[in-house]
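The structure comes first, and the notes follow.

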Amino acid sequence: MSDGVRVVVVDDEPGLADLYVAWLSGTYDVEAATNGDDALDAIDGGVDVVFLDRRMPDTSGDEVLLELRERGLDAAVALVTAVDAGDDVLELPLDAYLAKPVERNALTAAVDRLCPRQTYGEPLRRYFSLAARRDAVDAVTRPEERRANEAYTELVAELESLRTELDPDPSALSAADAAAWEDGA
C-alpha cells in the first residue's frame with residue numbers, strides 16, 4: 001500500500017538503509033541506495049523525499065545534495081547523520097537535518113512535513129529550508145558562537161527578510177508548517 005509518495009533512502013550502511021526502507025515501505029514507495037553514485041542514478045524528477053546520509057565514502061551526501069540541486073531536481077532532501085551540524089550546513093540547500101539515531105516516527109513525520117512543501121512557491125520553500133539550517137546549527141552551538149558567525153548572521157537576516165515579505169495563506173500550508181509559521185519558526 002502506498003500513497004504515491006516516492007522516497008529514496010541513501011546510507012552506506014546497508015542494514016540501516018534496509019531498516020529505513022522497512023519502516024517506510026508500508027506507506028510510501030521506497031528504494032535504497034548504499035552509496036552516492038547509486039543515489040544519483042536512483043534519484044530523478046519523480047522522487048519526492050530523499051533521506052541522505054551525510055558521511056559516505058567516495059561521494060559524500062553533501063556532494064550528492066549539491067549535484068541534485070545542480071540538476072534542477074527539487075525533491076525534498078533531509079540529511080540524516082551522526083555528524084553535528086557545523087557552519088557548512090548553513091550553505092547546503094537542504095530541507096531537513098535529522099540526527100542519528102533516527103526513530104521510525106521521525107522518518108515518517110519528516111516525509112509528512114516535507115511533501116506538502118513541494119507545492120509551495122520558491123520563496124516559501126526557501127524560507128523553510130533556511131529555518132531547517134538555522135535550527136540544525138542552533139541545536140549544537142551556543143548563542144555567542146552564532147552571533148560571531150557571519151554566515152549564520154546572514155542566514156538569519158535573509159530568514160527575517162523573507163518572513164516580512166511573505167504572507168502565506170495558513171490554509172495553503174500543512175498543519176505543521178502553519179503552526180511553525182505562527183510560532184515564528
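## Arg-126 and Glu-158

Glu-158 is partly exposed, at 30% relative accessibility. In this predicted model, its side chain meets that of Arg-126 in a salt bridge, with an N to O distance of 2.6 Å. The two residues belong to distant parts of the chain: Arg-126 sits in helix H5 (residues 122-138) and Glu-158 in helix H7 (residues 150-165), 32 residues apart. Arg-126 is also partly exposed, because its relative accessible area is 30% and that class lies between the limits of 20% and 50%.

## Arg-69 and Asp-95

A salt bridge joins Arg-69 to Asp-95, and the closest N and O atoms are 2.8 Å apart. Arg-69 is part of helix H3 (residues 61-70), while Asp-95 is in the loop between strand E4 (76-81) and E5, so this pair ties together parts 26 residues apart in sequence.

Are the two partners buried or partly exposed? Arg-69 has a relative accessible area of 22% and is therefore partly exposed. Asp-95, at 11% relative accessibility, counts as buried, because the limit for buried is under 20%.

## Asp-53 and Lys-100

Asp-53 forms a salt bridge with Lys-100, where the closest N and O atoms are 3.4 Å apart. Asp-53 lies in strand E3 (residues 49-53) and Lys-100 in the loop between strand E5 (96-99) and H4; the pair therefore ties together parts that are 47 residues apart in sequence. Asp-53 has 4% relative accessibility, so this residue counts as buried.

## Salt bridges in total

How many salt bridges does the structure hold? The count is 15. Salt bridges also link Arg-6, Glu-31 and Asp-44 in a network.

## Packing of H1 and H4

The packing of two helices is described by the angle between their axes and by the distance between the axes. For helix H1 (residues 14-24) and helix H4 (residues 104-114), the angle is about 65° and the axes are 10 Å apart. Their crossing is right-handed.

Which residues make the contact? On the H1 side they are Tyr-20, Ala-22, Trp-23 and Leu-24, and these meet Arg-104, Leu-107 and Thr-108 in H4. By class, the contact has five nonpolar residues, one polar and one charged. Arg-104 is the charged residue and Thr-108 the polar one.

How values were computed
Residues are numbered from 1 along each chain as its sequence is written. This is a predicted model: local features need pLDDT of at least 70, side-chain atom pairs count only at pLDDT 80 or more; totals for chains, interfaces and linings use all residues. Side-chain values use heavy atoms; hydrogens and water are left out. Axes are lines fitted to C-alpha atoms, for helices over the stretch in contact, and angles run from 0 to 180 degrees between N-to-C directions. Helices (H or I, at least four residues) and strands (E, at least two) are DSSP runs, numbered from the N terminus. A crossing is left-handed if the near helix is turned anticlockwise from the far one by less than a right angle, and right-handed if clockwise. Contact means heavy atoms within 4.5 Å. A salt bridge is a side-chain nitrogen of Lys or Arg within 4 Å of a carboxyl oxygen of Asp or Glu. Buried means under 20% relative accessible area, exposed over 50%, partly exposed in between (1.4 Å probe, protein chains only).
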